[in-house]
Structures are given as structure tokens and as C-alpha cells.
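Let's take a walk through this one, starting with a contact inside the protein and ending at the ligand. Have the viewer open as you read.

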Amino acid sequence: MTRDQPYGLVSHAVIVCEGEKIAWVGSENDMPAVFSDHDATDLDGRLVTPALIDCHTHLVSGGNRAREFEMRLQGASYEEISRAGGGIVSTVKATRAASEDELVANALPRVDALISEGATTVEIKSGYGLDVETELRMLRAARRIARERPLRVLTTFLGAHALPPDYRDHDTYIDEVCIAALHAAHAEGLVDAVDGFCEGIAFQPSHIAKVFDVAKDLGLPVKLHAEQLSDLGGAKLAASYGAMSADHIEYLGEDGVEAMAQAGTVAVILPGAFYTLRETQVPPIDALREHNVPMALATDANPGSSPLTSLLLTMNMACTLFRMTPEEALAGVTKHAARALRIADCGTIQAGKRADLAVWNVDHPAELAYRIGFNPLEQRIFGGHS
Ligand code: DI6
Ligand code: FE
């Protein structure tokens, strides 16, 4: 596609699909004659973008935390609720009590919300089991979602999400449960990547390093929830392991940005959590731009800090709250989200890539980020099928 137009826009374009893939894309006038006998669908001049990709979600979980929402409105902070046994740990209870079928059934309406806005690829993390059995059950549920819906799911093991109530010592939990669960999940083919939550209320860099060392031995790529509420140097640590992404990063400093740039680690920006927790520290967008760190955008869909299942609203929030441009926001949920997940076969409209496309009823791509709570999707195409 041409790079000289904003958004890489091509007007009067043709996209030739063959099977699951794009065979050719370009301006109507340049189309090779060999394609002229293909069945054609006229999209009436509508905008076509790559289908959307949500590269950071916790879509599989039990229960919900509406009560905690009420408590926060009465003045309790996210960290206070978490230290008082609420927060992540309350979702752990509900998730342990849920069967695989229940976990899938609970997740599907949220998955469908993403699909209805043109998403074809979604990352889903474990991390609400925090015991071997439930971590594996969450990942099996995540894999099953890709069989229940026309959707690609990438799974992420997040055993280092929180200290479960049955453990007092972080090192013991990491050594006895988290690493055992990672080995077991990997042996069952359930893990595409390994994540952790590096934060005062979760795990220190030393704990994360232990988990990442195991991931490295198993040949699994890593990513990290880093610098969300404080700066523990998580992004730097992740970059030292060649991480796919460092996510949240509100408190990331310049040295962390540089480390990410050098390692090719994508910044995953999560405005839903920032909004929900009414944070005030914005991620260092200017520094990320200056250092050419690709910025992906995701929902962080989870029952606590980001009960958000709209990538379009995520785009709007990234622009309004973080001053990202609508063009950056669109790249954040397509091209850079694919990069954050290290999937080279989607995220842009190019010959040879999967025909994962979204057709929109808008006049200009900036409209995708501009509206609030409005879905202009006309059609979603997944692997050439609508
Ligand atoms: N950071 C988040 O925003 C979520 N997990 C994490 O590591 C929060 C998850 C939750 O509150 O349930
Ligand atoms: Fe998260």
C-alpha cells in the first residue's frame, strides 16, 4: 500500500482475495488483468481497514466486580480494595468456582462485542486461577473460544498476576505454583506467550525474572504489565528479555522508553484502565514517538480495572485522554497490535496477508476514533469470509 497518503489510504481501491488471503491490492486502474474474471463485490466507496486486533485482554474470568465499582465511587482506591482482599483476588474466587463451560459462556458475550466492531484477532490471558488446575482451565476456555466463533485467539499465561489468598510468600508461590502451571500449560500446547504483573500490589522484578527465565527455556516469548501504578523498572526488565510488548507504562521513564526502542518492544497503551481508575499520570506518548516505539492499543478487558469491550471506544479514549492521533489509534488496533502479538500475517492490507478486513460506513478514517459509543461497521471479513 502507498505510504504517502495519511492512513495509507488508497482511493478507488480493489482488494483481490483468494482463499484466506489477499492476492492483490491497489488502485482499480492498476489491477492486473488476470484478476478481472473474479467475482466482484462493490463496496460503494466504503472505507476498508485491516480487521481490528485486541492484543491485551483478560476476557476469560468468573463473576464480575460491579460491587467494587460502587466502593470506588464511595472513595476506596483500587489498591486499597486489592489489599483488603478484593480486586483480582475476588475474581480468582469466582473463576476457581467456574467450570470450563461456564468460563466460555461468560466470555462469549464480551467476545461478541469485540467481533461486532470488526475484531478478528484477540489475545486472552490466564491469571485469575493462580493454581495449576484453574490456570489451565482458563487457557483451555480461551482456546475453545476460537472454535466457538470465527476468531483467532492467542493465549497468554499470566500466572504471575497476583498472590493468591492461600499463599503468603511471593517466591514460594512463583516457585511452587506459577512455574509448575507454566510447564503444565506449555506441555498441553496452551501457551503462546508469557506475561506478568510487575507492580507493588503484585510481583517485583526479581519474581518476574524467574518466570521469564522459564519462558526463555521453553522458547516462549514474553510481555509484561509494567509501570501501571508506579515505576519498578518493569519495561526495562522486559526489554532485556526481548519482550514482545510492555503494557500500560503510564509511569515509564525515558530510560525505559530507550530500552524498549532498542529491544523492539511494542508499547501497549491501555486507556480503559487509566479511565476506570481515574489515573492522572499519562503514558509518555511523546517520548515513545521520538524513539519510534510502535504504539499498540488494547481494551485490557477485565472485570476490575477495565470492564471495556469496545476497541472503537478504546481508540477514542487514546485520542482524548492521551492525545494520540486518530491515525495512531487506528494503527494501534491493527498494524501495531499485530506486531505486539508477533503475528506477521495480518494487521495491514497487503498481498500475501490474511484477508481479515473491516468495512465501515464512514467517509473518513478519523471517524472511527471520533465518535463515542457508535458502531459504523458494515461488514467483517475473516480469512476471506464474511
Ligand atoms: N493490570 C490490570 O489492569 C489488570 N491486571 C493487571 O495486571 C487488572 C485486573 C483486575 O483488576 O482484575
Ligand atoms: Fe491487563
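**From a salt bridge to the ligand**

Start with Asp 195 and Lys 125, whose side chains pair up in a salt bridge, with 2.8 Å from N to O. Asp 195 belongs to strand β7 (residues 193-198) and Lys 125 to strand β5 (residues 119-125), so this pair ties together parts that are 70 residues apart in sequence. Keep in mind that you're looking at a predicted model. Counting salt bridges with a cut-off of 4 Å between the side-chain nitrogen and the carboxyl oxygen, you get 24.

What surrounds it? There are 14 residues around ligand 1, and the closest are Arg 65, Tyr 78, Tyr 128, His 161 and Ser 305.

Next, zoom in on the polar contacts. The side chain of Arg 65 puts an N or O atom 2.7 Å from an oxygen atom of ligand 1. Tyr 128 also has a polar side-chain atom by a ligand oxygen, at 2.6 Å.

How much of ligand 1 does the protein bury? Taken alone, ligand 1 exposes 320 Å², and the protein buries 100% of that. As for where ligand 1 sits, the space it takes is the largest cavity.

Terms used
Residues numbered from 1 in each chain as written. Chains lettered and ligands numbered in written order. Predicted model: local features only at pLDDT ≥ 70, side-chain atom pairs only at ≥ 80, totals over all residues. Heavy atoms only, no water. Near = heavy atom within 4 Å. Polar contact = N/O pair within 3.5 Å; in protein donor to acceptor, adjacent residues only side chain to side chain. Areas by Shrake-Rupley, 256 points an atom, 1.4 Å probe, with all protein chains shown as cover. 1 Å grid on protein atoms, 1.4 Å probe; cavity = no way out; pocket = protein on both sides within 12 Å on 5 of 7 lines; lining within 4 Å. Sits in = over half its atoms within 2 Å of the grid points. Helix = DSSP H or I, 4+ residues; strand = E, 2+ residues; numbered from the N terminus.
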